[in-house]
Amino acid sequence: MTPREAAKGWLRQARNDLVHARWSLQAGHADWACLAAHHATEKALKGLTLDAGHRPLATSNPALLAVDLMELGVLDEADVAGLGNLDDLAATALRIRDPERADGLGAAPDAERADTLARRAVDLSERVLALVGAIAKGRGLPLGLELATSHVVAGRSARG
């Protein structure tokens, strides 16, 4: 498999994970929505790294993956700053899924707070996939990631 084929696979799976995050959010499963949003973001950033001809870091931390992409010259600081706090994505997914392992993040959030956190995680993942999709398209790798960021979920647009 070529790096470009591998990149396509990672980006396709990122899109699928984002769709899963939205479905989970709509079904009221904040834990699964956060996990899928985290995975979508991780896979999108790793796919972009592969498409740029580099090997992704062996981490699931989106903030570290984004910094690596900045160091490789694929993303600029303004791109990453405009996304929001990528460190929060992994921490939120962990907190909602398993509060006992959350390392000082506090008690498990109530259902309303969990839904708010999940919506933020999905929104952040959508912004990452939109950025990665635009960059991949500019690199000649259109994958329909823009479709993943334009679905309507629970009666609202993914962007609004």
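A crossing counts as left-handed when the near helix is turned anticlockwise from the far one by less than a right angle. Keep that in mind for the views below, which come from a predicted model.

**View 1. The whole chain, for orientation.** Seven helices and two strands make up the secondary structure here. Starting at the N terminus, the order is α-α-α-α-α-α-α-β-β. Of the 160 residues in the chain, 46% are buried. Looking at contacts with a separation of 6 or more, 64% are between residues 24 or more positions apart. As for the surface, the chain exposes about 8100 Å², with carbon and sulfur atoms supplying 51% of it.

**View 2. How helix 5 crosses helix 6.** Two packed helices are described by the angle between their axes and the distance between the axes. In this pair, helix 5 covers residues 86-97 and helix 6 covers residues 111-138. Their axes come within 10 Å and cross at roughly 140°. Angles over 145 degrees would count as roughly antiparallel, so this pair is classed as oblique. Helix 5 goes past helix 6 in a left-handed crossing.

Conventions:
Residues numbered from 1 in each chain as written. Predicted model: local features only at pLDDT ≥ 70, side-chain atom pairs only at ≥ 80, totals over all residues. Heavy atoms only, no water. Axes fitted to C-alpha atoms, helices over the stretch in contact; angles between N-to-C directions. Helix = DSSP H or I, 4+ residues; strand = E, 2+ residues; numbered from the N terminus. Parallel < 35°, antiparallel > 145°, perpendicular 65-115°, else oblique. Buried < 20%, exposed > 50% of the residue type's maximum accessible area, 1.4 Å probe, protein only. Contact = heavy atoms within 4.5 Å. Areas by Shrake-Rupley, 256 points an atom, 1.4 Å probe, with all protein chains shown as cover.
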